[in-house]
Amino acid sequence: MAQQYRITLLSGDGIGPEIMAVAVDVLKVVEKKFDLQFEFQEALIGGAAIDATGEPLPTATLDVCRNSDAVLLAAIGGYKWDCLPSHLRPEAGLLGLRAGLGLFANLRPAKIIPQLIEASTLKREVVEGVDIMVVRELTGGIYFGKPRGIFETETGQKRGVNTMAYTESEIDRIGRVAFETARKRQRKLCSVDKSNVLEVSQLWRDRITKLGAEYPDVELTHLYVDNAAMQLLRAPKQFDTIVTGNLFGDILSDAAAMLTGSIGMLPSASLGASGPGVFEPVHGSAPDIAGQDKANPLAQVLSAAMMLRYGLNQGAAADFLEKGVLQVLQNGARTGDIMSPGMQLLGCSAMGKALIQVLEE
């Protein structure tokens, strides 16, 4: 009897519906190959939800997500909603989803795809073989700390305030995810902080160091965030797994992503202690090409692969998808963002069909 899973689809905005359609078609191939059964349920988030309900994360959407085995998200946001107050913008829906599902760990891989190595802005000898996993704390730190806001001082000046704060338990739980992730990779973990300046980072380094004693098989190092940013560009192959807080992780994971040359190829996973995780591409909603069949759907497909691996524990199916993506690139198929001389330029749906043809062979 087929293993059954309930998957919530959040297509969102911009190119989201186009790339999600490809991912769903690909997952239907996976169903047949691995005797799995996916029950897909759709819900609104971001700008699409604002237009329909007036809020970026309707209660109904959160309820549907909670009652699923995994959540596959495409993209949110767009120029149309940029003028709204911050709590009503599409991005607030994503923050609310992470908080509502208790997703405190964000896994962002940055792995060089051999077929696309020339797309990197760095020299081949610098980036060839790069395979980094950034583990970012997702529900604490400066994005959620209080007090926060814009206040008027006694002199009448406005003063903006955000608070970077972490408790021991918040640091420990993301640390454990990072150490366990490193164990599955090359057993090297670099913790990134700013402990020479920030007290919150001093606590971070103390807790990660203490936790390291429980993982003697993992080599633990520490870097200040400014040095880490420099080292990512200077010698990225020294890194395997990186763990850091919310703000630093937001910045460093994007920097690591660009080592690969195209942010349009990279997936991510957001995980909690229990319940469904959220799996989404790193790229945005690209409203300038929405509806034009120009989007690259491969990051969405690779996000589905991460969903299979980390959300549903279907590692063989994840391997199958990832190998299929490599093969379709080896065959010369390219979307506009990764196009190079001598390759075949395809639109979003055609790329999906080319991938399905590879998977069905």
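The structure is a predicted model, in which local features need pLDDT of at least 70, side-chain atom pairs count only at pLDDT 80 or more, and totals for chains, interfaces and linings use all residues. Residues are numbered from 1 along each chain as its sequence is written, and side-chain values use heavy atoms, with hydrogens and water left out.

**The helix pair**

- The axes (lines fitted to C-alpha atoms, for helices over the stretch in contact, with angles from 0 to 180 degrees between N-to-C directions) of α10 (residues 298-311) and α11 (residues 315-330) come within 7 Å and cross at roughly 160°.
- Helices (H or I, at least four residues) and strands (E, at least two) are DSSP runs, numbered from the N terminus.
- α10 and α11 are therefore roughly antiparallel to each other, a term for angles over 145 degrees.
- Contact, meaning heavy atoms within 4.5 Å, involves residues including L298, V301 and L302 of α10 and L321, V325 and L329 of α11.

**The sheet**

- An open sheet of 10 strands has mixed pairing and the order β2-β1-β3-β12-β11-β4-β5-β10-β8-β9, where two strands pair if DSSP finds at least two bridges between them.
- Its edge strands, β2 (36-42) and β9 (219-224), each pair on one side only, and the twist averages 25° from one strand to the next.
- Strands β11 (residues 267-272) and β12 (residues 278-281) run antiparallel and are joined by 4 bridges, and P267 has P281 of β12 as its bridge partner.

**A helix across the sheet**

- Helix α9 (residues 246-259) lies across β4 (103-111), β5, β8 and β10, and runs at about 160° to β5.

Definitions and conventions
Parallel < 35°, antiparallel > 145°, perpendicular 65-115°, else oblique.
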